[in-house]
Amino acid sequence: MPDQPNSAETEITLDLLSAVESDEPHSQRSLAQNLGIALGLTNAYIKRCIKRGWIKASQAPPNRYAYYLTPKGFSEKSRLTARYLKSSFSFYRHARNELDTILESCVAAGYSRVALAGRSEIAEIVILCAGQYPIEIAAIVDSGNEPTFLGIPVVKSIDDIPAVDVFIVTDMNAGQATYDELADHPAGLTIRVPKILRVNQKSTTK
């Protein structure tokens with residue numbers, strides 16, 4: 001595999017890191033099935049990720065290995081996610097479909113006030129989609145300096161937002177960190193996350 005991976009290699013590496021990050025134990029065979037590629041190719045990608053310090057392997061039980069994402073692997077997964085989302089030709093279609101599903105589920109749950117976590121292309125798509133639903137985008141949480149984004153107020157802290165029903169993670173550069181911050185908030189926030197962000201939801205959202 002070349003040092004500068006093409007889009008297919010980026011996607012396989014990203015899918016591998018996402019699978020290893022999940023709480024489920026994986027063997028090489030189960031990872032191959034998860035990725036939809038040959039066992040030998042899976043082995044090559046695992047070895048490459050281990051060599052680069054993204055994955056660690058521990059032997060337990062004998063002749064079987066458990067795989068774990070390293071801190072460096074978490075950072076690489078975030079970097080590859082942002083890169084893949086921004087370069088994927090099908091990004092808008094996938095994002096639009098997922099966000100429509102999320103907004104439909106919000107309406108079905110009786111949520112009408114929504115806040116977005118992260119100013120990005122995904123946030124822009126949510127804002128565009130929201131016009132089709134009885135939903136108000138109350139604010140966007142983002143560390144940038146712009147006071148508004150597409151007419152929506154931008155605030156720097158979750159606590160600066162008036163009461164909302166649900167937060168949608170829209171941060172394309174640090175989706176995992178943003179989700180973790182929301183999930184750890186003492187107020188017990190309701191959160192929705194587009195699958196396209198490949199966030200590991202360790203806590204069950206409401």
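Q: What counts as a helix or a strand here?
A: Both are DSSP runs, numbered from the N terminus: helices are H or I with at least four residues, strands are E with at least two. This is a predicted model, in which local features need pLDDT of at least 70 and side-chain atom pairs count only at pLDDT 80 or more, while totals for chains, interfaces and linings use all residues. Residues are numbered from 1 along each chain as its sequence is written, and side-chain values use heavy atoms, leaving out hydrogens and water.

Q: OK, where is Gln176 found?
A: Gln176 is in helix H7, which runs over 175-183.

Q: Buried or exposed?
A: Gln176 is buried, at 10% relative accessible area. The classes are buried under 20%, exposed over 50% and partly exposed in between, with a 1.4 Å probe and protein chains only.

Q: What does the Gln176 side chain reach?
A: The backbone nitrogen of Asn200, at 2.8 Å. A polar contact is a pair of N or O atoms within 3.5 Å; within protein, one must be able to donate a hydrogen and the other to accept it, and residues adjacent in sequence count only if both atoms are side-chain atoms.

Q: And His185, where does that sit?
A: In the loop between H7 and strand E8 (191-192). His185 is buried at 18%, and apart from neighbours within four places in sequence it contacts Ile158 and Asp159. Contact means heavy atoms within 4.5 Å.

Q: Switching to the core: how many residues are in the largest nonpolar one?
A: 44, with Leu116 and Leu197 having the most contacts inside it. A nonpolar core is a set of buried Ala, Val, Leu, Ile, Met, Phe, Trp, Tyr and Cys residues joined through side-chain atoms within 4.5 Å.

Q: Which element gives the largest share?
A: H6, with seven residues. Elements giving two or more also include helix H5 (91-108), strand E3 (113-117) and H7.

Q: What is Leu197 in contact with?
A: Beyond neighbours within four places in sequence, its contacts include Leu85, Ile122, Val169 and Met172. Apart from that core lies another, of 18 residues, among them Leu14, Leu16, Ile46 and Ile55.

Q: What follows H3?
A: Gly53, with a positive phi near 80 degrees, in the loop between H3 and strand E1 (55-59). Gly53 is partly exposed, at 26%.

Q: What does Gly53 touch?
A: Thr70, Lys72 and Gly73, not counting residues up to four places away in sequence. Gly53 and Lys72 are 19 residues apart in sequence, but 6.5 Å apart C-alpha to C-alpha.
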